[in-house]
Amino acid sequence: MAGESATKPSEETSISTAVPPAATAEVVESEEDVLLSNVKHNLSLLDKAVSLLEPRFTTRALRSLPALRKKLGPKGHAEHLAQVLRSTAILPHDSALQKSLLDFLGNPAVPEPPATTMDVDEKPAPTAAAATLVAIADKTDKVSSATAKKDKLPEGPLGALPEGEVYLSLLVLLWLLDQKKYSEGKDLATSLIEKISNLNRRTMDQLASKVYFYWVRLHELAGDDTAALRTPLLAAQRTAALRRDDDLQATLLPLLLRNYLQHHLYDQAHHLVAKTTYPVGTAGNAQLARWFYYVGRIRAIQLNYTEAHTNLQQAIRRAPDAKIAPGFLQTAHKLSIIVELLMGEIPERRTFRHPVLKNALFPYLEIVQAVRIGDLTKFNTALSTHQATFASDQNATLILRLRHNVIKTALKTISLAYSRIPLRDVSAKLHLDSEEDAEYIVAKAIRDGVIDAVVDHEKGYMQSKEQGDVYSTNEPQVAFDTRIKFLLELHNQSVKAMRYPLNAHSKELASAGEARERERELAKEIEDADDDGDIDGAGDMEGF
């Protein structure tokens with residue numbers, strides 16, 4: 001009895017210490033299975049896109065890239081992605097592409113299968129939830145049996161198509177980008193661009209846009225001179241325009257504008273915007289946000305503040321959620337605030353209270369407060385205190401233009417407070433150097449319509465005119481007209497951006513293949529018919 005009691009604790013200890021490794025192996029295996037199933041699903045979508053010539057399947061495959069990027073593996077480890085590439089269902093065994101991609105991943109060792117600690121003889125009884133799932137699966141199998149032949153996965157490895165190879169290479173490229181291996185990422189991206197150019201397949205257009213974007217991004221993060229990228233980007237843009245490749249143009253045009261603005265080539269950027277047509281109707285929200293932001297910055301530098309403000313508002317509206325892209329929202333709001341101030345407007349207070357924008361916009365809040373009250377001393381203090389921040393944001397030149405707005409606001413306040421005031425007092429309140437400077441500034445403000453006053457040069461004073469009723473002028477009408485135009489434009493863009501269920505008009509068709517077959521039959525009937533009298537309007541075409 002004493003011997004039995006002595007052996008029991010040791011057995012319990014061995015069992016308890018064996019459970020955690022098994023649990024850990026189970027978690028790792030499940031993560032690999034999830035990644036493998038997602039990659040298989042996306043590769044099957046790419047196969048459908050090629051066979052049916054439907055780019056929407058490629059869009060669905062690429063739409064899951066951000067979520068799939070988080071599952072590529074922990075930092076510094078590529079075992080999950082390497083196991084996916086080694087799977088015979090993805091790539092042929094020992095293929096050239098598989099070896100190349102594994103070399104980029106560091107060729108991690110094949111993990112050993114987890115050791116089992118105990119055998120289970122009997123299967124546990126199914127729970128009520130499991131029984132329900134089995135019943136639903138049986139019904140689903142019966143319903144999908146009619147279309148199983150047409151929707152089955154292609155035979156052989158799923159990544160055998162060129163589109164599948166580019167997609168798998170794109171996953172490796174994202175892993176290299178996340179691991180900050182910029183040199184290897186640039187080599188892989190350059191080889192992908194050459195491969196896509198040589199293949200020249202229209203089904204690769206969306207994949208090419210992703211490759212070009214990350215190719216430029218890798219060069220930027222590596223600290224390279226991006227001026228050398230301008231020539232290949234312009235060549236790719238010309239080719240995309242000739243082929244009417246909207247997906248690639250939607251990516252290349254913002255990249256070119258970014259390149260021009262980084263090197264302060266504003267005239268070239270303006271000519272590019274003027275001589276190209278951006279595919280607003282087909283581009284995604286992320287690309288549209290970038291395009292509108294860059295155009296807004298160009299217009300702000302060109303003193304076209306109204307158009308700049310319109311483009312920046314579009315960029316903010318189309319930007320991703322604040323939790324997804326906080327940096328872009330902060331940058332766009334900074335420029336938008338400056339443009340509003342240059343237009344003579346004061347930004348709303350709630351903009352500076354946003355949790356994501358509060359800390360980033362604090363230097364700009366001090367500038368807004370100085371412009372609002374017309375305090376030139378406070379403006380100069382805020383400018384000198386946050387000079388480094390404004391320079392890093394590339395907004396220092398635009399903020400220097402606000403000095404005239406501060407003076408205009410102060411003059412407007414003085415004209416409302418005093419019916420007559422000596423110019424030397426105006427010079428003292430504005431902290432100007434001399435009375436002559438105050439006279440010139442007041443005269444210019446009167447000419448620009450900022451204040452309604454008269455300057456007496458001989459007696460040296462400024463006399464304000466009596467303010468009439470603003471509602472007797474056209475200002476309320478202009479304000480309402482501006483608001484109505486904005487709301488109508490917002491409504492039109494919202495209607496254009498609405499998404500509708502795919503194939504909602506042809507629910508009777510089981511798949512896109514049947515839709516194409518019916519289209520061919522109807523086309524043949526039209527050719528065989530003697531006249532067009534059999535087709536009554538557009539009713540027979542609704543199935544398309």
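Visitor: Is the crossing of α7 and α8 left-handed or right-handed?
Guide: This is a predicted model, and the description rests on it throughout. The axes of helix α7 (residues 162-178) and helix α8 (residues 182-199) come within 9 Å. They cross at roughly 160°. The hand of the crossing of α7 and α8 is left-handed.

Visitor: Which term describes how α7 and α8 are oriented to each other?
Guide: The axes of α7 and α8 cross at roughly 160°. Angles over 145 degrees count as roughly antiparallel. The two helices α7 and α8 are therefore roughly antiparallel.

Visitor: Which term describes the orientation of α20 to α21?
Guide: Helix α20 (residues 402-417) and helix α21 (residues 423-430) have axes that come within 11 Å and cross at roughly 135°. That angle makes the orientation of α20 to α21 oblique.

Visitor: Is the crossing of α20 and α21 left-handed or right-handed?
Guide: Two packed helices are described by the angle between their axes and the distance between the axes. For α20 and α21 the axes come within 11 Å. As α20 passes α21, the crossing is right-handed.

Visitor: In what order do the three strands stand in the open sheet?
Guide: Strand β1 (residues 420-422) pairs with strand β3 (residues 461-464) in the antiparallel sense over three bridges. Strand β2 (residues 453-456) also pairs with β3 in the antiparallel sense, over four bridges. The order is β1-β3-β2.

Visitor: What is the average twist from one strand to the next?
Guide: The three strands form an open sheet with antiparallel pairing. From one strand to the next, the twist averages 20°.

Visitor: Which residue in β3 is the bridge partner of A453?
Guide: Elsewhere in β3, M462 stands opposite I421, and Q463 stands opposite V454. The bridge partner of A453 in β3 is S464.

Visitor: Which residue takes a positive phi in the hairpin of β2 and β3?
Guide: The hairpin has four residues between the strands. The phi in question is near 70°, and the residue that takes it is G460.

Visitor: Which element gives the most to the lining of the second largest pocket?
Guide: About 1,200 Å³ of space lies in the second largest pocket. Its lining has 32 residues, and those closest to the centre are H309, Q313, E340, E345 and F486. The elements giving two or more residues are α14 (305-318), α15 (326-342) and α23 (475-497). With 10 residues, the element that gives the most is α23.

Visitor: How many residues in the lining of the second largest pocket are charged?
Guide: The lining of this pocket includes 11 nonpolar and 12 polar residues. The charged residues in the lining number nine.

Notes. Residues are numbered from 1 along each chain as its sequence is written. This is a predicted model: local features need pLDDT of at least 70, side-chain atom pairs count only at pLDDT 80 or more; totals for chains, interfaces and linings use all residues. Side-chain values use heavy atoms; hydrogens and water are left out. On a 1 Å grid over the protein atoms alone, a cavity is a set of points where a 1.4 Å probe fits but cannot get out, and a pocket is an open set with protein on both sides within 12 Å along at least five of seven lines; lining residues have an atom within 4 Å of a point. Grid points are joined across faces, edges and corners, and a volume is the space filled by probe spheres set on the points. Ala, Val, Leu, Ile, Met, Phe, Trp, Tyr, Cys and Pro count as nonpolar, Asp, Glu, Lys and Arg as charged, and the others, Gly among them, as polar. Two strands pair if DSSP finds at least two bridges between them. Axes are lines fitted to C-alpha atoms, for helices over the stretch in contact, and angles run from 0 to 180 degrees between N-to-C directions. Angles under 35 degrees count as roughly parallel, over 145 as roughly antiparallel, 65 to 115 as roughly perpendicular and the rest as oblique. A crossing is left-handed if the near helix is turned anticlockwise from the far one by less than a right angle, and right-handed if clockwise.
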